[in-house]
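Let us walk through this structure together, one step at a time. Keep the picture open beside the text and look up each part as we come to it.

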Amino acid sequence: MENNITGHTRLVGLFATPIRHSVSPMIHNTAFQELGIDAVYLAFDLGVDRLSQAIDSIKNLEMLGANLSMPNKMAAVPMMDELSEAAKLVGAINTIVNHEGKLTGHITDGTGFMRSLKDKEIDVIGKKMTIIGAGGAATAIIVQAALDGVKEIAVYNRHDDFYTSVQKKLAYVQENTSCLITLHDLEDKSALADDVADSVLFINATGVGMQPNIEASPIEDFSIIREDLAVYDVIYNPRETKFLREARLRGAKTANGLGMLLYQGAAAFELWTQQEMPIEKIKPIVE
Ligand code: NAD
């Protein structure tokens, strides 16, 4: 590999644990090299116990910024000088931008999701969507969809210990956007069928169906899926979950989580560099 690191090279860090499996260093370093940007992206295996020291380093080492993944996305919020509108509503960040010593926290998962819809020519603006799940990925999607002008979102979650806090969170997002957001128990199958019937997009934002449980699915009755419905699964391992396979067999347009993964990275890259990520060069890394 050609060595382009100089005395001017700036650092971007990824703070998470576990982290050694991440494709993000490959994505961002390829993009830096492709565009001739004098920066490197390195992964640091650390959790909440060392997070505040790591975040101080962004200022002390004049880093461009950082990415955060589990378990650091919520813990970093109070350590920021500023938050983007979406980060405030989600209550979590995955990207930090250092602007002359001032740190701004962003969440790019939702923007990544919305950009991946454009790629697939799925138009949900001014329309209704139904989403299963109300965890980290789902909340980022719901917030960005609401901010971007989706008219109505029906959220389905299992009735677990978090249900009441999810209800409060969604009410807060609704108050701060012009989107109508409703929460339902995933067990309420007739309500789910009605909401999916009115929706243009149906999303699985749970980990149900992920490796190694690839025959699991968040729904059992696939007759609610119709040909003119778009169906999205945030999971990318496997590339086609049972949920997506059944949707495809019913003629629906389908999309897996690779687009969201790619474009959340692109959005972070653009925040650090003010340059567009060379998507076509990066796609083969994640596919
Ligand atoms: P999380 O733990 O924050 O939330 C999990 C959600 O799934 C919750 O709503 C929970 O109630 C629901 N759930 C869990 N088990 C369930 C079950 N058996 N039946 C019904 N619902 C169930 O997790 P998260 O961070 O939101 O991640 C969810 C999925 O999204 C994971 O598969 C993760 O890999 C994926 N993800 C993908 C991207 C991407 O870029 N494509 C980004 C983030 C997360």
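A residue is called buried if its relative accessible area is under 20%, exposed if over 50%, and partly exposed in between, using a 1.4 Å probe and protein chains only. What you see is a predicted model, in which local features need pLDDT of at least 70 and side-chain atom pairs count only at pLDDT 80 or more, while totals for chains, interfaces and linings use all residues. Residues are numbered from 1 along each chain as its sequence is written, and side-chain values use heavy atoms, with hydrogens and water left out.

Helices (H or I, at least four residues) and strands (E, at least two) are DSSP runs, numbered from the N terminus. Two strands pair if DSSP finds at least two bridges between them. Strands of a sheet pair through backbone hydrogen bonds, either parallel or antiparallel.

Let us begin with a sheet. Six strands form an open sheet in the order β2-β1-β3-β5-β6-β4, with mixed pairing. Its edges are β2 (39-45) and β4, each with a single partner strand, so one side of each has no neighbour in the sheet. Now look at strand β6 (residues 102-106): four of its five residues are buried, so β6 is largely enclosed by the rest of the structure. On one hand, β6 runs parallel to strand β4 (residues 82-83), joined by two bridges, and glutamate 82 stands opposite threonine 104 in β6. On the other hand, five bridges join β6 to strand β5 (residues 95-99), and these two run antiparallel. Here threonine 95 stands opposite histidine 106. β5 and β6 form a hairpin with two residues between them, and glutamate 100 in the turn has a positive phi of about 50°.

Which helix lies across β1 (10-16), β2, β3 (65-68), β5 and β6? That helix is α9, which runs at about 5° to β5. Axes here are lines fitted to C-alpha atoms, for helices over the stretch in contact, and angles run from 0 to 180 degrees between N-to-C directions. Contact means heavy atoms within 4.5 Å.

Helix α9 (residues 258-273) also meets helix α1 (residues 24-35): their axes come within 11 Å and cross at roughly 50°. That makes α1 oblique to α9 (angles under 35 degrees count as roughly parallel, over 145 as roughly antiparallel, 65 to 115 as roughly perpendicular and the rest as oblique). In this contact, His28, Ala31, Phe32 and Leu35 of α1 meet Gly265, Phe269, Trp272 and Thr273 of α9. These residues divide into five nonpolar, three polar and no charged. Ala, Val, Leu, Ile, Met, Phe, Trp, Tyr, Cys and Pro count as nonpolar, Asp, Glu, Lys and Arg as charged, and the others, Gly among them, as polar.

Next comes another pair of helices. Helix α4 (residues 109-119) packs against α5 at an angle of about 65°, with the axes 7 Å apart. The contact is made by Asp109, Gly110, Thr111, Phe113 and Met114 of α4 together with Ala140, Ile141, Gln144, Ala145 and Asp148 of α5. By class, it has five nonpolar, three polar and two charged residues.

Six strands form an open sheet in the order β9-β8-β7-β10-β11-β12, and the pairing is parallel. β9 (180-185) and β12 (253-255) stand at the edges, each with a single partner strand, so one side of each is left without a neighbour in the sheet. Strand β7 (residues 128-132) pairs with strand β8 (residues 152-157) over five bridges, and isoleucine 131 has valine 155 in β8 as its bridge partner. Asparagine 157, also in β8, is buried, with a relative accessible area of 11%. Not counting residues up to four places away in sequence, asparagine 157 touches Gly133, Ala134, Tyr163, Leu183, His184, Asp185 and Leu186. Finally, helix α8 (residues 242-249) lies across β10 (201-204), β11 (230-233) and β12, running at about 165° to β11.
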